[in-house]
Amino acid sequence: MNVTLAAAGSASSPALSDAAMRRVFDSPVEDRLATALTTIAEAAPTRTAVVRNAGTDKPTAIDYGTLAARLVDLEQQLDEARPIGVVARTDQVESLIVLTAACSRQHVPLAILADDAADSGHELDDWLSVDDTLSIPFTAAGSMPRGEFATVAPTIWVATSGTSGPPKIVDHSWESLLAAARLSSQWHSLTWLLVYDAKRWAGIQVWVQAMLTGGCVVVPASRDPDVVARAVVDRQVTVLPATPTLMRRLLTSADPAVLATCQLERITLGGEAVDGPLLDQIKETFPNAGVSHVYATTELGEVFRVRDGLPGFPAHWLTKPLPGGARLFTRRDGELLVQLSRDTAEVATGDLVEQRGDRFEFVGRRSDVIVVGGAKVYPKRVEEVVRGVPGIAEARVHSVASPITGELVAVDVVVSPGFSPDDVRSGMLTHCRHELESHAVPRIVTFVEQIATTPAGKVPRR
Amino acid sequence: MPANLHDTIATAIRSVLSDTGRSADVIGAESLLSGDLGLDSLDLAQTIVLLERSLGVDPFRTRPADGSRPSLRTFGDLCSAYEVAAAPPDPHQP
């Protein structure tokens, strides 16, 4: 039963027994999510699994008992209907969790398509669409081709975030979906903020991780920094996974008094390059939080995680395999290549790195480059310079088409309260001319209320 | 109307110049964009982008069918390009 909470509640619960967690982690990978829901529901049926509409006066909490009950029902329906595949058309994360758990244990292929995912093509035509009601229409089931309970674990299809092209659908094994989940006891029973889209890879990682470890997923009502900050405080969120762009927005725009009461223990950044100034700002605002940044792509999964509080990664990581066995290489032009294992090919990541001292730092994506009269400009570098100007709260550097030079560097700027746009503009131009070559200096300056972001929470460059 | 166009374009040029603390006393039809006004290719590109935002046209976006490029030596050249681009289509042209 769904419970609407009138007052802020704590999601902390007694620790789950070792035996219970053992049962979850020892289960076959495709059963694991379902086993987690069932096991935790047996031990603690009223433990909150998901909170939706957090950060408002009317959050909605769903407990593990509810999820487990819906799971039983759905697995029964899947077993009767035996669809050859299911397309998730759910809007609520708790439905998606139950659907994913049910399909994986029932060995039914599942496609999780974010709302802007490209046309799935004909291969999904015979698949069954399931929405938040988690019900399989009797007539639809009857007319669909029936699959067998395959002995081989099924695949799961997830759409990429599309920053390097239009979104495409990539298939994964359940093994790879669950591979990055951290199962040691320090990760049990935590409260996770979900600002990522629950249907994209980054978001899926968050709710899978939370459910496997008896945690709680908190979904803020919107990405408005004040709503997010309030959700973190109200629900006592302990883990905050976010992109650098979303993090910056929270740090610059949310009420500092509210931020000061957040009790975050861990902050995990990913999806975009992290720079030193951002890490410093985080340490200042959340001094007790451990900060790590993850380098991952939808195709490769998680490649590495940096926990030392510095941007980029240590240069010596190029000299030997990473703990998981992957190897890193760089091309002469600075592109990072990843070889997941000895028998796979090196994958060009499209990300450029530059050695600075004993570290390699991310300079930006190769596709982000702006070409001004033949000269290359990396927007990330220009943003770092622009953010150093007093009065600039946030900035996004992008390109505009220009008939004479091909492209020009443009910047959208959010002015801090108390500063005048004219002063900020001239201060910024002076500073940029001092720090950057002339073709890299932004020529088109637009003042905005808020920086545009993609659905995945990243900054677009075109 | 030519007079307004002239002013709009001159204003855009002055705005670009002032970004770097420069200015121009006189902007006339014969003023050389580079030699007299000190505009380099980036300055010119910036001016054209600004004018596209205020006038809604960019005379340099597409090349004419005969492959010619509009001459861009003087301020007068720049104004002519915009006059042509901003003019209504000729009903007698195919």
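Two residues are in contact here if their C-beta atoms, placed from the backbone, lie within 7 Å. The model on screen is predicted: local features need pLDDT of at least 70, side-chain atom pairs count only at pLDDT 80 or more, and totals for chains, interfaces and linings use all residues. Residues are numbered from 1 along each chain as its sequence is written, and chains are lettered from A and ligands numbered from 1 in the order in which they are written.

**First stop: two helices**

Select residues 32–43 and 201–212 of chain A, which are helices α2 and α7 (helices are DSSP runs of H or I, at least four residues, and strands runs of E, at least two, numbered from the N terminus). Their axes, lines fitted to C-alpha atoms over the stretch in contact, are 9 Å apart at an angle of about 45°. Angles run from 0 to 180 degrees between N-to-C directions.

Now show A:R32, A:L33, A:A36 and A:L37 in α2(A), which meet A:V208, A:M211 and A:L212 in α7(A).

**Second stop: a sheet**

Stay in chain A and find the open sheet of five strands, ordered β15-β19-β18-β17-β16 with antiparallel pairing (two strands pair if DSSP finds at least two bridges between them). Two bridges join β15(A) to β19 (residues 359–365). Zoom in on A:F313, which stands opposite A:F360 in β19(A).

**Last stop: chains A and B**

Display both chains; their contact takes twelve residues from chain A and eleven residues from chain B.
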